[in-house]
Amino acid sequence: AGSQAVYVRTNFALPPDATGPSTGVAAPAPLTPSVPSSTQKNLVFLGDSLVTGVGCRSREGPVLPRHLAELMARSLHTPVGWSAFGETGADVGMLREKMLPQLKAEVERRKQEGQHVDMVVIMCGLNDMKVCMLHMQPWLHPHWFRQQLQRLVDEIKETAGENCAVLLPSVPLERAPRFANVWPLSTFII
């Protein structure tokens, strides 16, 4: 498994990030009457390659943030603004260091528009696990990750306000292309 970890680390290349906008507003269904912008919901995505849209062929920006905003707009019958702040390969420490300042700027921008950030979606964990397993740094164990993630959530709440929801979706590791079909390494990771 050790030699496989080295092989995966040195031979796996990610496709490029999505091109296009990293912010937008998803409109509710076309037949929905016009809704005042004061009812607009605003989502911010912080994360790794899932947020940057690695491998997306669309020139409309990252798919996950845009698609989730579109689903919410249709479901809530109100416009949903979205912003994606990510970096391919980001771990929770990088999110705290590089993405929190971007979140602070977004919160301020929304305030100036008479709005607020309703939800922050955090996409992380795989790169933290990669650092632990593939870079042979076992001291970066789940307890450390949990502490860093809790700090990130606390800082988001401090930045965006207590009424801002923080969503931590679960993404199954067995679907991560980096680890697919690499036995026995995949049995240690999954």
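The following legends describe close-up views of a predicted model.

Residues are numbered from 1 along each chain as its sequence is written, and side-chain values use heavy atoms, with hydrogens and water left out. In this predicted model, local features need pLDDT of at least 70 and side-chain atom pairs count only at pLDDT 80 or more, while totals for chains, interfaces and linings use all residues.

**View 1. The open sheet has 5 strands in the order E1-E3-E2-E4-E5.** Strands are DSSP runs of E with at least two residues, helices are runs of H or I with at least four, and both are numbered from the N terminus. Two strands pair if DSSP finds at least two bridges between them, and the pairing in this sheet is mixed. Strand E1 (23-26) and strand E5 (165-167) stand at the edges with a single partner strand each, so one side of each lacks a neighbour in the sheet. On average, neighbouring strands are turned by 20 degrees against each other, direction ignored. Strands of a sheet pair through backbone hydrogen bonds, either parallel or antiparallel. E2 and strand E3 (residues 80-86) run parallel and are joined by 7 bridges; Leu43 has Trp82 as its bridge partner in E3.

**View 2. Helices H3 and H4 are seen against the sheet.** Helix H3 (residues 63-76) packs on the sheet and touches E1, E2, E3 and E4. The direction of H3 makes about 160 degrees with that of E3. H4 lies across E2, E3 and E4 and runs at about 155 degrees to E3. Axes are lines fitted to C-alpha atoms, for helices over the stretch in contact (heavy atoms within 4.5 Å), and angles run from 0 to 180 degrees between N-to-C directions.

**View 3. The largest nonpolar core contains 19 residues.** A nonpolar core is a set of buried Ala, Val, Leu, Ile, Met, Phe, Trp, Tyr and Cys residues joined through side-chain atoms within 4.5 Å. Buried means under 20% relative accessible area, exposed over 50%, and partly exposed in between (1.4 Å probe, protein chains only). Val44, Leu46, Leu103, Val120, Ile122, Leu152 and Ile156 touch the most other members. Strand E2 (41-47), helix H4 (92-112), strand E4 (119-123) and helix H6 (142-160) each give two or more residues to this core, and H4 gives the most, with 6 residues. Beyond its neighbours within four places in sequence, Leu103 is in contact with Val44, Leu46, Val120, Ile156 and Thr159. A second, separate core of 13 residues includes Ala69, Met72, Val80 and Val121.

**View 4. Leu100 is found in helix H4.** Leu100 counts as buried because its relative accessibility is 6%. Leu100 and Leu46 are 54 residues apart along the chain, and their C-alpha atoms are separated by 8.4 Å. With neighbours within four places in sequence left aside, the contacts of Leu100 are Leu95, Leu152, Glu155 and Ile156.

**View 5. Val117 lies in the loop between H4 and E4.** At 3% relative accessibility, Val117 is classed as buried. Val107 is 10 residues away from Val117 in sequence and 6.2 Å away in space, C-alpha to C-alpha. Leaving aside neighbours within four places in sequence, the contacts of Val117 include Asn42, Val44, Glu106 and Cys164.

**View 6. Ser83 is placed in strand E3.** Ser83 counts as buried, with 0% relative accessibility. The side chains of Ser83 and Glu106 are joined by a polar contact of 2.9 Å. A polar contact is a pair of N or O atoms within 3.5 Å; within protein, one must be able to donate a hydrogen and the other to accept it, and residues adjacent in sequence count only if both atoms are side-chain atoms.
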